[in-house]
Amino acid sequence: MKHSEFRQALEDTFGSAYGRTLAAELVLVPLGNRTAAQALADGLAPQQVWDAVCEEMELGELVRWRHRGTLDPKRR
């Protein structure tokens with residue numbers, strides 16, 4: 001996943017304004033108690049950050065793999 005795909009997945013899933021708010025304010029425990037924006041700025045992979053967002057927000061597989069156009073996790 002690229003940074004641009006991460007931003008697009010957030011927007012497609014939550015809308016533009018709420019997606020930006022989640023990235024800036026939702027603290028993700030699996031990422032060391034960082035927000036998505038902090039984790040990306042610290043160099044974590046966008047896929048790792050997206051997976052943490054999906055888990056925290058209890059999103060299904062359809063949403064988790066929307067940026068790839070597939071439900072197949074082997075195509076990560």
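A residue is called buried when its relative accessible area is under 20%, exposed when that area is over 50%, and partly exposed in between. The legends below refer to a predicted model.

**View 1. Overall fold of the predicted model, with five helices and two strands.**
Read along the sequence, the elements follow the pattern α-α-β-β-α-α-α. Of the 76 residues in the protein, 38% are buried, and the protein exposes about 4600 Å², of which carbon and sulfur atoms supply 48%. Among contacts between residues at least 6 apart in sequence, 42% join residues at least 24 apart.

**View 2. Helix H1, residues 3-14, and the face that its buried residues line.**
Helix H1 has 12 residues and reaches 16 Å from its first C-alpha to its last, which is close to the 16 Å expected at 1.5 Å a residue. Its buried residues are Phe6, Ala9, Leu10 and Phe14; seen down the axis of H1, these fall within an arc of 100°, so they line one face of the helix. What do the buried residues of H1 pack against? Their partners are helix H2 (16-25), helix H3 (36-41) and helix H4 (46-56). After H1 comes glycine 15, whose phi is positive, near 90°.

**View 3. The aromatic pair of phenylalanine 6 and tryptophan 50.**
A search of the whole structure finds two aromatic pairs, and one of them joins phenylalanine 6 to tryptophan 50 in an edge-to-face arrangement, with 6.1 Å centre to centre and 85° between the planes. Phenylalanine 6 lies in helix H1 and tryptophan 50 in helix H4, so the pair ties together parts that are 44 residues apart in sequence. Phenylalanine 6 counts as buried at 3% relative accessibility, and tryptophan 50 is buried with a relative accessible area of 0%.

**View 4. The aromatic pair of phenylalanine 14 and tyrosine 18.**
The ring centres of phenylalanine 14 and tyrosine 18 are 5.8 Å apart and the ring planes stand at 80°, so this pair is edge-to-face; the assignment follows because planes over 60 degrees apart count as edge-to-face, provided that the centres lie within 6.5 Å. Is phenylalanine 14 buried or exposed? At 17% relative accessibility, phenylalanine 14 counts as buried, because the limit is under 20%. Tyrosine 18, by contrast, is partly exposed, with a relative accessible area of 43%.

**View 5. Aspartate 51 and its polar contact with arginine 64.**
Aspartate 51 is placed in helix H4, and the residue is buried, with a relative accessible area of 15%. The side chain of aspartate 51 makes a polar contact with the side chain of arginine 64, at a distance of 3.3 Å.

For alanine 23, the backbone oxygen lies 3.5 Å from a polar atom of the side chain of threonine 35.

Terms used
Residues numbered from 1 in each chain as written. Predicted model: local features only at pLDDT ≥ 70, side-chain atom pairs only at ≥ 80, totals over all residues. Heavy atoms only, no water. Helix = DSSP H or I, 4+ residues; strand = E, 2+ residues; numbered from the N terminus. Buried < 20%, exposed > 50% of the residue type's maximum accessible area, 1.4 Å probe, protein only. Contact = heavy atoms within 4.5 Å. Areas by Shrake-Rupley, 256 points an atom, 1.4 Å probe, with all protein chains shown as cover. Expected span 1.5 Å × (residues − 1). Arc of directions from axis to C-beta. Phe/Tyr/Trp six-rings, centres within 6.5 Å; stacked < 30°, edge-to-face > 60°. Polar contact = N/O pair within 3.5 Å; in protein donor to acceptor, adjacent residues only side chain to side chain.
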